[in-house]
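Me: I am new to this structure. Please walk me through the terms used for it.

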Amino acid sequence: MRHGAEVIDSTLAQGVFVGFRSRVLSASLGPGTMVASLATIGEREGDRVTIGAGAWIAARAVVAPGVTVGDGAVVAAGAHVTADVPADAIVVGRPARILRHRKVTEDGLPDISPIVAIVRARTNSNAATPPAGWRVGPGSLLDAAFTGGSDVVIGAGLIALGRPDGPSPAGGVRAADGVRIGEDATLEGGGGIDIGAGTEAGARLQILSSGHDLNRRSLPWEAGAVSIGARVRIGHDVTIVGPCHIGDGAVLTDGAVVLGHVPAHSTTSGVLEGNRP
């Protein structure tokens with residue numbers, strides 16, 4: 001369970017992973033289930049949610065009370081699930097719909113032990129220090145390699161991770177001159193995050209520079225670098241999932257869930273390219 005997670009009146013089987021600022025309320029999670037950051041499962045006093053073995057609930061997804069998510073199912077980033085999800089189905093959208101079904105190599109349930117090993121190895125390490133000329137607000141959790149320009153301002157409550165000594169040598173958070181990010185941002189830079197000069201983002205930005213290989217039952221971690229160009233305007237409560245590139249001057253509206261490339265100087269509320277959840 002990562003920083004800021006909330007688990008109430010719930011049962012978690014062996015090998016469950018719960019990401020930053022996620023909420024698991026009145027739910028039963030099967031073995032090997034993975035819950036990404038800022039996901040919400042169930043409600044207090046609501047009908048119980050059941051999540052099967054080896055399921056993946058992606059970033060900022062919502063699973064409504066009383067829903068059953070089958071074994072090996074994938075709920076894509078930002079999806080809102082209001083009906084039962086069959087085993088191995090991949091669902092997307094608000095409300096969620098079935099995009100396709102997984103056809104997988106059977107190599108066992110997801111294994112969180114490599115992540116646990118990295119976290120334990122860093123228990124006594126010093127917190128990462130942003131470069132001179134950066135201002136990061138109070139109440140932040142910093143476990144990232146920060147590099148870049150000057151006059152970078154990030155609001156209070158930042159969660160940031162990602163280092164070159166992690167699962168990918170591209171790990172880290174790199175921001176150019178004049179970047180502005182609002183409060184309560186979550187920057188998961190394990191696969192590398194690059195932000196161009198003059199880019200501005202509202203509160204509760206979430207960037208994930210990684211994903212999982214859906215072709216294997218074990219859902220192994222994959223790097224997915226995120227590159228954001230210069231002078232991009234990002235609204236509040238936006239989620240960006242790599243691999244993706246956002247072109248110079250693009251605009252991401254409030255609540256956007258971006259899962260693909262965004263052309264320069266375009267405006268989007270979300271991108272879903274091909275069959276990528």
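This is a predicted model: local features need pLDDT of at least 70, side-chain atom pairs count only at pLDDT 80 or more; totals for chains, interfaces and linings use all residues.

Me: Why are strand 17 and strand 20 called a pair?
Reply: Pairing takes at least two bridges. Strand 17 and strand 20 (residues 159–162) have four, so they count as paired. Their sense is parallel. Leu 142 stands opposite Ala 160 of strand 20.

Me: How do you know that the side chains of strand 17 alternate?
Reply: Look at the two faces. Leu 142 and Ala 144 point to one and are buried. Buried means under 20% relative accessible area.

Me: What makes a set of residues a nonpolar core?
Reply: The members must be buried, nonpolar and joined through side-chain atoms within 4.5 Å. The largest such core here has 33 residues. Leu 205 and Ile 240 have the most contacts inside it. Strand 17, strand 19 and strand 33 are among the strands that each supply at least two residues of this core. Strand 33 gives the largest share, three residues. Another core, of 24 residues, lies apart from it and includes Ala 61 and Val 69.

Me: How do you know that Ile 240 is in contact with Leu 205?
Reply: Contact needs heavy atoms within 4.5 Å. Leu 205 meets that for Ile 240, and so do Val 226, Ile 246 and Val 258, among others.

How values were computed:
Residues are numbered from 1 along each chain as its sequence is written. Side-chain values use heavy atoms; hydrogens and water are left out. Buried means under 20% relative accessible area, exposed over 50%, partly exposed in between (1.4 Å probe, protein chains only). Lists of a residue's contacts leave out its neighbours within four places in sequence.
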